[in-house]
Structures are given as structure tokens and as C-alpha cells.
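Dear colleague,

I am handing over the structure below, together with notes on what was found in it. Please read them with the coordinates open beside you.

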Amino acid sequence: HQPMHHFSSYGTMISSAKLLLLQASVFLLLLGSHNVIAWSTPRMTRTNHEVTTRREVFGMSASAVSSTGLLFLLLQADPQPVSAYTPDTDKLRESLYLMSRVQEATVQQERFVGRSLLQEDLKKKMKLTLRLVEKNYLLLDQINFSSSFVQPADGIIDAVEAGNEAVDSLQAAIDYVNNDLSVGPMTDEQRSYLTSNLTDCREKLFVFLKYMPQDKLLQSRERVEDENAKNREEYAGSSDDGLFNPVKLPWQQ
């Protein structure tokens with residue numbers, strides 16, 4: 001079972017730049033604020049007439065759009081004029097990187113839950129960002145692929161069980177946002193349900209990752225940390241500083 005490197009599979013992705021900008025505008029209307037970002041992603045670089053930084057990309061559409069939401073739309077669009085993402089040549093390390101990004105994303109989603117006062121506001125924010133997590137990180141695919149690298153081998157049952165439980169918890173949060181959030185004030189019960197599933201997803205991934213080759217896991221996390229540091233450096237002191245609002249990485253807590 002080979003992992004699906006979704007970012008590089010441009011053949012089946014949206015090819016219209018105009019449609020991309022329309023999606024970004026819709027996302028702006030949904031979020032209603034530019035101070036929202038779910039997780040961070042690699043920076044973009046210029047090749048010939050390509051765009052140098054994400055700030056330039058964001059300015060092409062709507063300056064108030066969440067940088068994460070727009071960036072994921074860009075990553076799923078035609079690769080011209082943006083060179084967006086190069087997967088790790090080591091497939092296991094790439095898979096561990098994506099699982100680490102899922103863990104990071106669950107922390108951000110919990111921040112959404114904690115700060116949102118109305119169900120409808122939370123649903124607008126989380127429905128899109130969780131869908132992007134689901135479709136771009138393909139957690140189940142990562143668990144299935146990485147399971148063949150479990151160490152020690154006799155830990156395969158515990159590892160796979162934890163990995164599948166992580167997938168189930170993430171899906172439970174997605175389903176709840178899509179089907180159970182309505183309108184009106186958020187209740188303590190709703191916050192508790194969403195937070196518990198997001199936390200469980202993250203913690204079960206920690207269990208699964210314990211069985212992975214630790215040198216490659218460390219390298220994949222260092223890549224996340226390096227990309228986040230570059231993002232902070234790029235935005236520091238700029239007019240777009242509010243676009244980048246990172247969370248503390250879960251393995252650093």
C-alpha cells in the first residue's frame with residue numbers, strides 16, 4: 001500500500017485560477033476574520049515568473065483571507081504559477097510528517113472550539129479546515145502505509161489499533177461539525193465532545209508514532225519546526241503578521 005502524495009497529484013485537481021480566487025473569496029466570507037490559521041505549510045518560492053512569497057499570493061486574491069485556507073486552495077490548484085510543495089523523497093518520513101501535521105492541526109482546531117461562542121461560527125471555520133485536514137493529510141492512508149514499519153514487530157496490534165482509533169476520533173469530530181452543529185450558543189457538552197475527539201486523535205497518534213523509527217520521526221518533526229520558523233520569520237513585523245498565528249507544537253508541550 002503506497003501513500004498518496006496528494007499535493008503532487010495535480011492531474012485530478014482544480015485547474016482554474018479564477019475558480020481558485022472565487023473559492024478564496026467565499027472562504028473569506030465564511031471566516032469573517034483574517035486572524036485565523038489552522039496550521040502551517042511550506043513556503044513558496046519563485047521560479048521564473050512564479051510568486052516569491054505567500055504574502056504576494058494572498059494579495060492576489062483577498063488580503064483578509066486566512067493564509068492556511070487560501071494556501072491549501074492554492075496547493076490543490078494548477079501548479080502554475082505557484083510551485084507549492086515537494087514531498088520528502090523518503091516515503092516513510094513523508095508519512096510521519098503528515099501525521100505530525102495532523103497532530104498540530106488538532107491543537108488549532110481545539111483553539112477554535114475554545115474561542116467560538118456560536119455554533120454557526122464554529123461550523124463555518126471548522127467545516128472547511130477539517131475537510132482540508134481529511135483530504136490533504138489522508139490520515140488513514142498514512143496509518144496503513146506506516147504500519148509496515150512498526151518496531152518492534154510484536155507491537156503491530158497495539159500500533160494499528162491506536163492508529164485506527166486516531167482516524168475514528170478525527171472522523172467523529174468531522175461528522176459532528178458537519179451534522180450536529182447548528183445555530184445558537186455553544187454548549188459545554190458540544191465543546192467537550194469536539195475537544196475530547198480532537199485530543200484523542202492527537203494522543204492516539206502519539207501511541208502509534210511510538211512504534212515508528214524514531215530517527216525518521218525526529219527528522220519529520222524537525223521539518224515541521226523548520227517550516228514554522230521560516231513562516232514566523234517571513235511574517236515578523238509585516239502588515240500580514242496577523243495571518244500567521246501558530247500553536248505550540250504538541251510534541252513540544
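How many residues does helix α7 have, and how far does α7 reach from its first C-alpha to its last? Helix α7 (residues 156-179) has 24 residues and reaches 34 Å, close to the 34 Å expected at 1.5 Å a residue, where the expected span is 1.5 Å times one less than the number of residues. Helices here are DSSP runs (H or I, at least four residues), numbered from the N terminus.

Before going further, please note that this is a predicted model, in which local features need pLDDT of at least 70 and side-chain atom pairs count only at pLDDT 80 or more, while totals for chains, interfaces and linings use all residues. Residues are numbered from 1 along each chain as its sequence is written, and side-chain values use heavy atoms, with hydrogens and water left out.

The axes of α5 and α7 come within 9 Å and cross at roughly 145°; axes are lines fitted to C-alpha atoms, for helices over the stretch in contact, and angles run from 0 to 180 degrees between N-to-C directions. The crossing of α5 and α7 is left-handed, a term used if the near helix is turned anticlockwise from the far one by less than a right angle. Lys123, Met126, Lys127, Leu130, Val133 and Glu134 in α5 meet Leu170, Gln171, Ala173, Ile174, Val177 and Asn178 in α7. By class, this contact of α5 with α7 has seven nonpolar, two polar and three charged residues (Ala, Val, Leu, Ile, Met, Phe, Trp, Tyr, Cys and Pro count as nonpolar, Asp, Glu, Lys and Arg as charged, and the others, Gly among them, as polar).

Leucine 194, which lies in helix α8, is buried, with a relative accessible area of 0%. Leucine 194 touches Val113, Leu122, Ala173, Tyr176, Val177 and Leu181, not counting residues up to four places away in sequence. The C-alpha atoms of leucine 194 and tyrosine 176 are separated by 7.6 Å, although the two residues are 18 residues apart along the chain.

Finally, the axes of helix α4 (residues 91-115) and α8 come within 9 Å and cross at roughly 160°, which makes α4 roughly antiparallel to α8 (angles over 145 degrees).

Key
Helix = DSSP H or I, 4+ residues; strand = E, 2+ residues; numbered from the N terminus. Buried < 20%, exposed > 50% of the residue type's maximum accessible area, 1.4 Å probe, protein only. Contact = heavy atoms within 4.5 Å. Parallel < 35°, antiparallel > 145°, perpendicular 65-115°, else oblique.
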